[in-house]
Amino acid sequence: ALAARNIPIRAGIHTGECERRGPEWSGLAVHIGARIGALAGAGEVLASRTVRDLSAGSGLVFESLGAQHLKGLPEPVDVFRVGTR
């Protein structure tokens, strides 16, 4: 909907355990999602391997961008560009 209005967005998607602290969300899953989103370009959606694995059968296409070293994390995270067929 935003792309149709010429408003490009970027997004990073990860799933995992989160903690709510008042109006804010925190936790490692939130951190990973934000770091993945920071890698995305305008109009791009990137996701972790966890999201790719949980999305099997969804019709989404996942293009591997390889293991990425994300700030604040001790190990690389496999990141994928999300698209449709």
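User: What is a salt bridge, and which residue does Arg49 meet in one?

Analyst: A salt bridge is a side-chain nitrogen of Lys or Arg within 4 Å of a carboxyl oxygen of Asp or Glu. Keep in mind that this is a predicted model. Here the side chains of Arg49 and Asp78 meet in one, at 2.8 Å from N to O. Arg49 lies in helix 2 (residues 49-54) and Asp78 in strand 6, so the pair ties together parts that are 29 residues apart in sequence. Arg49 is partly exposed at 33% relative accessible area, and Asp78 is partly exposed at 26%.

User: Thanks! How many salt bridges are there by this rule?

Analyst: The count comes to five. One of them joins Arg81 and Glu44, with the closest N and O atoms 2.5 Å apart. That pair links distant parts of the chain, as Arg81 is in strand 6 and Glu44 in strand 4, 37 residues apart. Glu44, Glu63 and Arg81 are linked in a network of salt bridges.

User: Is Glu44 buried or exposed?

Analyst: For this step you need the cut-off: buried means under 20% relative accessible area. Glu44 counts as buried because its value is 16%.

User: Let's turn to strands. How should I think about their side chains, and how many residues of strand 4 are buried?

Analyst: In a regular strand the side chains alternate between the two faces of the sheet. Strand 4 (residues 44-48) is mostly covered, with four of its five residues buried.

User: Which strands does strand 4 pair with?

Analyst: Strand 1 and strand 4 run parallel and are joined by four bridges; in this pairing, Ala11 has Val45 of strand 4 as its bridge partner. With strand 6 (residues 77-84), strand 4 pairs in the antiparallel sense over three bridges, and Ala47 stands opposite Phe80 there.

User: Which residues form the nonpolar patch on the surface?

Analyst: Leu2, Ile7 and Ile9 form it, with about 240 Å² of accessible area together. Ile7 is in the segment before strand 1 (10-13) and is partly exposed at 39%.

Definitions and conventions:
Residues numbered from 1 in each chain as written. Predicted model: local features only at pLDDT ≥ 70, side-chain atom pairs only at ≥ 80, totals over all residues. Heavy atoms only, no water. Patch = residues over 30% accessible without salt bridge, like charges linked within 9 Å, V, L, I, M, F, W, Y side chains within 5 Å. Areas by Shrake-Rupley, 256 points an atom, 1.4 Å probe, with all protein chains shown as cover. Helix = DSSP H or I, 4+ residues; strand = E, 2+ residues; numbered from the N terminus. Buried < 20%, exposed > 50% of the residue type's maximum accessible area, 1.4 Å probe, protein only. Pairing = 2+ DSSP bridges.
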